[in-house]
Structure formats: C-alpha cells, structure tokens
Amino acid sequence: HVIFVEPEKCVSIVNAMTQARDYMLAPPQKDLEPGETFTAHVRHMITRVDEIEDIQPYWNRFMEDFY
C-alpha cells in the first residue's frame with residue numbers, strides 16, 4: 001500500500017509490515033478557527049515497491065495533479 005498525501009497537510013503516516021496503513025491530516029497553520037475548513041489531497045494505491053525510484057513517477061504525477 002502506498003499513500004500519497006499533500007506534504008504540508010500530512011502530520012503523520014502509520015505503517016505496519018512496511019505498508020502504509022493510516023495517516024493524520026492537519027491544516028498548514030495547525031489550528032482552525034470556528035467554522036473554518038480545509039481540504040487535503042490523498043491518493044492510495046497498491047503496488048509493489050522495491051526502491052523509492054519505483055514510486056517516483058506516481059509521486060510526480062500526484063504533485064502535478066494538485067499543484
């Protein structure tokens with residue numbers, strides 16, 4: 001399992017047995033005023049990853065889609 005989360009909005013990723021399992025999001029300023037909202041982009045995929053280079057094209061595409 002590979003989870004891509006906007007870097008400035010992801011405060012934690014939990015993994016188990018080298019697989020991404022869960023993540024925690026927070027707004028960039030870390031606090032929300034009453035009634036304020038924020039969004040974050042997340043992509044979850046299942047693929048074999050032996051080296052970081054295996055997912056680099058997917059990460060690049062993820063970043064291009066939202067920035």
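Ring pairs link Phe4, Trp59 and Phe62 into a cluster. The count of aromatic pairs comes to three.

## The chain as a whole

The protein chain contains one helix and four strands. Read along the sequence, these elements follow the pattern β-β-β-β-α, so the helix comes after the strands in that order, as elements are numbered from the N terminus. The C-alpha trace spans about 45 × 30 × 15 Å along its principal axes.

Confidence in the prediction is described by pLDDT. The chain averages a pLDDT of 87, and 99% of the residues score at least 70. Among the elements, helix H1 (residues 56-66) has the highest mean pLDDT, 92, whereas strand S3 (residues 19-25) has the lowest, 80. Where pLDDT is low, predicted coordinates should not be read in detail.

Of the 67 residues in the protein chain, 18% are buried. The accessible surface amounts to about 5100 Å², and carbon and sulfur atoms account for 52% of this surface. Contacts across the sequence can also be described: among those between residues at least 6 apart, 44% join residues at least 24 apart.

## Salt bridges

A search of the whole structure finds four salt bridges.

| Salt bridge | N to O distance |
|---|---|
| Asp65 and Arg43 | 2.7 Å |
| Asp65 and Arg61 | 2.8 Å |
| Arg48 and Asp50 | 3.2 Å |

Aspartate 65 and arginine 61 both lie in helix H1, four residues apart, which is about one turn of the helix.

In the bridge between arginine 48 and aspartate 50, arginine 48 is exposed, with a relative accessible area of 68%. Aspartate 50 is likewise exposed, at 54% relative accessibility. Both of these values pass the cut-off for exposed residues, which is over 50%.

On the surface, Ile13, Tyr23, Leu25, Leu32, Phe38 and Val42 form a nonpolar patch with about 450 Å² of accessible area together. One member of the patch, phenylalanine 38, lies in the loop between S3 and S4. Phenylalanine 38 is partly exposed, with a relative accessible area of 31%.

Most residues other than glycine have a negative phi. Lysine 30 is partly exposed, and its relative accessible area is 47%.

Lysine 9 is placed in the loop between strand S1 (2-5) and strand S2 (10-16). This lysine counts as buried because its relative accessibility is 13%, and the cut-off for buried residues is under 20%. Not counting residues up to four places away in sequence, lysine 9 touches Met24, Leu25, Ala26, Pro28, Phe38, Thr39 and Ala40. Two of these neighbours, Leu25 and Phe38, also belong to the nonpolar patch.

Tyrosine 67 is found in the segment after H1. Which residues does tyrosine 67 touch, not counting those up to four places away in sequence? They are Glu6, Pro7 and Glu8. The C-alpha atom of tyrosine 67 is separated by 26 Å from that of asparagine 15, and the two residues are 52 places apart along the chain.

Conventions: Residues numbered from 1 in each chain as written. Predicted model: local features only at pLDDT ≥ 70, side-chain atom pairs only at ≥ 80, totals over all residues. Heavy atoms only, no water. pLDDT = per-residue confidence, 0-100. Helix = DSSP H or I, 4+ residues; strand = E, 2+ residues; numbered from the N terminus. Salt bridge = Lys/Arg side-chain N within 4 Å of Asp/Glu carboxyl O. Buried < 20%, exposed > 50% of the residue type's maximum accessible area, 1.4 Å probe, protein only. Phe/Tyr/Trp six-rings, centres within 6.5 Å; stacked < 30°, edge-to-face > 60°. Patch = residues over 30% accessible without salt bridge, like charges linked within 9 Å, V, L, I, M, F, W, Y side chains within 5 Å. Areas by Shrake-Rupley, 256 points an atom, 1.4 Å probe, with all protein chains shown as cover. Contact = heavy atoms within 4.5 Å.
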